[in-house]
Amino acid sequence: MVDARYNVVVIGGGIVGLAVAREITKRFPALRLLLVEKEDRVARHQSGHNSGVIHSGVYYKPGSLKARLCVAGAADMVAFCREHEIPHKVCGKVIVATNQQELPRLEELGRRGEANGVGGLRLIGGEELREIEPHASGLRALLVPSTGVTDYGLVSEKYAQLAAAQGGTIMTSAEVTRIHRRPDEIIVETRRGAFSTNYLINCAGLYSDRICRMAGDEPQVVIVPFRGEYYHLVPARASLVRALIYPLPDPRFPFLGVHFTRRVNEKVDAGPNAVLALHREGYRKADISLQDVVSTGTFPGFWRMAVKHWQSGWSELRRSLSKAAFVKSLQRLIPEIRERDLTPGDSGVRAQAVNSEGVLLDDFQFVCSGKMFHVLNVPSPAATASLTIGQTITQTAMKDLGLGGG
Ligand SMILES: Cc1cc2nc3c(=O)[nH]c(=O)nc-3n(C[C@H](O)[C@H](O)[C@H](O)COP(=O)(O)OP(=O)(O)OC[C@H]3O[C@@H](n4cnc5c(N)ncnc54)[C@H](O)[C@@H]3O)c2cc1C
C-alpha cells in the first residue's frame, strides 16, 4: 500500500535537493514531484551552516565539474539573489601569500583561475593589499573581484517556495527509512507515509552513502564528517576586516584554511577549521554517534586517509581544542588579531566522501544506477554552484533515466 504516487522523489531538503526540485518543476511542471526532508524545515544542515561565500572558481582543477559548475553557478547565484531580493554582496576577496615559498603557488592559483574563466584576477603587492585590507599582512595576494557573500539558508527557502509554486510537494519531518526497488517502481518509506515513484534522486548530504546503500547500491565511498568551527570577531574589532581574507590553501586538501569572512549581515567570522567529527550532525565537540563512529572506523579507506594525513589531522585537532592555536593561524593573515578579539561562533559539518584508497574525493561525484541518481560528493562550492548542479542533475537524469520523456 502506498500513500501517493509520484514521477520523481528527491531525498534531502538541502540546497542541492531543493535546486534539483526547483529545476525539475520549472522545466517539467506536469511531472509529480515530491521532496522529502527528515527535519522540520529545509536547510537545517550544511546548507544552513556554512560561510555564505559565493566562490568564483579559482581553486578547482580546470575541466573538473567543480570548476565548470562553480564559475557558471556563481554568476547565476548573483543573478538569482538579485532577482529574488536575497541579501548578497559582490565584495571581492584576497588570497594572501605570507612567505616566499608560497609565491609560486599563488601565481599558479592565478593561472588556474584564468584557465577556469574567472574574470578580473590580478596579482597585487603588499602595499596594494593594505589599501584593500588595511590590517592584512602578506608579500603578495591574488585579488578575486567576483567573489561575493549571501545567505544560503534564505536561498534554499526560496528554491523550496519556487518548487512548491510550480506544483512540487516539499514534505518536511519525513525521514526516509526504507527503499524498495520493484521492476516498474521504487517505493520510498518515510515517517510520513510510503510513496511510489518512477525516479529517485538522493541528495541526502551527510547521509547520502547510507541512502545509496538503503536503495541497494554500493556507493564505493563513505561520507566522513569534518566539522568546521568558527569564531566571531567582537563588534569593536570587526573593522579589522573589510571583506574576505583567505590564506593560500594546502593543495593536498579540499579545505581552504581558516580565513576571515564579512557576512551579508556584516558580522565577521574567522574559520572554519576542519576537524574530524564523531557524529555526522555533530555541531558540538561532545556530540558522538556510535553508529557514525563505527561506520567511519570500520571503513579501511578511513585508516588509509588517517595514515596519510595524520599530521594535519593532529594540527586541526589542536586548533580545535586551543583558541591560542586558532589565533596563531589567523595572525598569519592579520598579525594584530588577539584572543580577546574573538568569541566562539557557530559550526557546520562538511560531508566529505572518502574512497577505499583513503583519498578525499576532490570533485563532485554523481552516480546513476537504473532509475536512481545518487549525489555522493557535493562539498564546497556546491552552495555557490547549486543552480548549475540542479541543471546538470536534471539533464543527466532526463537522459539516463528517461525523466520527463513519458
Ligand atoms: C562549514 C562549512 C562551510 C561552507 N562554506 C561554503 C561556502 O562558503 N560556499 C559554498 O558554496 N559552499 C560552502 N559549503 C558547502 C555547502 O554548504 C554544501 O556543499 C551544500 O550545502 C551541500 O548541500 P546538500 O543539499 O548536499 O546538503 P545538506 O544541506 O546537508 O542537505 C542534505 C539534507 O538531506 C537530509 N536528509 C539526510 N538523510 C535523510 C533521510 N534519511 N530522509 C530525508 N532527508 C534526509 C538532511 O536533513 C539535509 O537537510 C560549506 C559547508 C560547510 C559545512
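I take a polar contact to be a pair of N or O atoms within 3.5 Å. Within protein, one atom must be able to donate a hydrogen and the other to accept it, and residues adjacent in sequence count only if both atoms are side-chain atoms.

**Ground rules.** The model is predicted: local features need pLDDT of at least 70, side-chain atom pairs count only at pLDDT 80 or more, and totals for chains, interfaces and linings use all residues. Residues are numbered from 1 along each chain as its sequence is written, and side-chain values use heavy atoms, with hydrogens and water left out.

I looked up backbone N or O atoms first. One of Val53 lies 2.9 Å from a ligand nitrogen atom. For Lys38, the distance to a nitrogen atom of the ligand is 3.1 Å. Val378 places such an atom 2.7 Å from a ligand oxygen atom. The protein covers 97% of the 1,000 Å² of accessible area that the ligand has on its own (Shrake-Rupley method, 1.4 Å probe).

**Ligand, shell.** I then listed the neighbours. The ligand is surrounded by 39 residues (a heavy atom within 4 Å). Glu37, Ser47, Val176, Val378 and Thr384 are the closest. β18 gives the largest share, three residues (strands are DSSP runs of E, at least two residues, numbered from the N terminus).

**Leu278.** Which loop holds Leu278? I find Leu278 between β17 (275–276) and α7 (290–297) (helices are DSSP runs of H or I, at least four residues). Leu278 counts as partly exposed because its relative accessibility is 37% (buried is under 20%, exposed over 50%, partly exposed in between, with a 1.4 Å probe and protein chains only).
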